[in-house]
Every structure is written in C-alpha cells, then in structure tokens.
Amino acid sequence: MEKMNNAFEKMKMLVGMEVEDEHQQPAIEEDGNSFSFMDDFNRQCTLTTKQRFYGFAICLVSGLICTLLSILVFFHPIKFGITFTFGNLLALGSTAFLIGPKRQVSMMLDPVRIYATAIYLASMIIALFCAFYVRNKLLTLLAIMLEFGALIWYSLSYIPFARSMVSKIMVSCFDTEF
C-alpha cells in the first residue's frame with residue numbers, strides 16, 4: 001500500500017500538483033510573506049487535473065494550428081514570423097498547464113538546457129522584433145530559421161542523449177572525405 005501511495009505522490013509531482021509532506025515546512029520570510037513570487041503564483045493557480053489537461057490540450061492545439069496556418073502565409077515573411085512565433089509560444093506555454101509554471105521555469109533553467117532555452121527565447125524575440133519593427137522580409141525569414149533550429153535543439157534537450165546523438169551524426173556527415 002505504501003508503494004501505491006509513493007507512486008501516487010510521484011504522479012502528483014509529475015503533473016505539478018502540490019504534495020503534502022509532513023516533514024516539509026513552508027518557506028517563510030521574516031515578515032511572514034511567502035518565499036518567492038513563483039511560490040505565490042503556484043498556490044493561486046489551483047487547477048484540477050481535468051482542467052490542467054483541458055488547458056494543455058487547448059494551448060497545444062492552438063499553438064499547432066497557428067504554426068500550421070503560418071505555412072499559408074509563408075511567402076509573406078512578416079505574417080509568417082508572427083504566426084509561427086505565436087504558435088511556438090502557445091505550444092511552449094501548454095506544458096505549464098501540465099507541470100505548473102514554477103516547475104516549467106525551473107526545468108527551462110536547468111543547467112542541461114539553459115543555453116538551449118536562452119537561444120530559443122532570444123530567437124523568438126528576434127523574430128518578433130524583425131517582423132514588427134524592422135519589417136524586413138529577409139531578416140524575418142532568417143530569424144524564423146534560427147527560431148526553428150533553436151526549437152529543435154531545445155526540444156532535443158528533453159530527450160536523454162538526443163543532442164549528443166544528433167551532434168555525432170552531424171559531425172560524421174560533415175567529416176566524411178569525398
């Protein structure tokens with residue numbers, strides 16, 4: 001029975017639900033406020049498991065639809081950049097429904113994927129900047145290509161050994177002599 005309870009607690013942690021631990025005391029500052037903004041935010045965002053799955057599905061499907069619809073405006077790089085980036089933001093935000101915003105941010109800032117996260121977020125900002133302010137089609141298209149590459153590298157950071165495998169394949173492809 002204890003194994004079942006432990007498994008249930010691990011499942012709760014996986015989807016971002018709070019786990020009651022008798023041994024853990026909440027982190028409180030001297031003035032009685034909670035320890036951080038993200039802790040407060042997580043406590044205020046109490047969703048049921050069903051609501052979390054609905055939020056995840058709606059954001060993910062909306063993001064995928066935006067990303068796929070961006071193909072229709074591919075020859076208009078500014079519109080393409082806006083819809084593609086907005087679709088990526090929705091898809092990225094969808095996982096916050098499953099695991100919670102605090103865990104999402106902590107996973108993004110994990111030392112294993114901190115550089116991939118920084119490049120991915122920076123490429124989205126650059127793509128939107130090129131689309132909204134510079135309004136240069138070539139720069140927007142280059143920024144979208146950078147964003148797509150950063151998206152792939154960021155996604156690979158969640159699969160164990162995937163980035164090292166892809167790196168080895170790329171090196172072996174370009175290292176062959178003709």
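Start by selecting helix α5, residues 101-108 (helices here are DSSP runs of H or I, at least four residues, numbered from the N terminus). Show the side chains of Pro-101, Gln-104 and Met-108: these are buried, meaning under 20% relative accessible area with a 1.4 Å probe, protein chains only. Now look down the axis of α5: the buried residues fall within an arc of 60 degrees, so they line one face of the helix (the arc is taken from the directions from the helix axis to the C-beta atoms).

Bear in mind that this is a predicted model, where local features need pLDDT of at least 70, side-chain atom pairs count only at pLDDT 80 or more, and totals for chains, interfaces and linings use all residues. Numbering runs from 1 along each chain as its sequence is written, and side-chain values use heavy atoms, with hydrogens and water left out.

Next, colour by pLDDT, the predictor's confidence in each residue, from 0 to 100. The chain average is 81, and 75% of the residues score at least 70. Then pick residues 22-34, where pLDDT is below 50. Beyond near neighbours in sequence, this stretch makes seven contacts in the model (heavy atoms within 4.5 Å).

Now try residues 112-134, one of the spans that an unreviewed UniProt entry lists as "transmembrane region". This span is 91% helix and 0% strand, with its end C-alpha atoms 33 Å apart.

Technical notes
Buried means under 20% relative accessible area, exposed over 50%, partly exposed in between (1.4 Å probe, protein chains only). Helices (H or I, at least four residues) and strands (E, at least two) are DSSP runs, numbered from the N terminus. UniProt positions are given in the numbering used here, feature names are shortened, and annotations may be inferred rather than shown by experiment.
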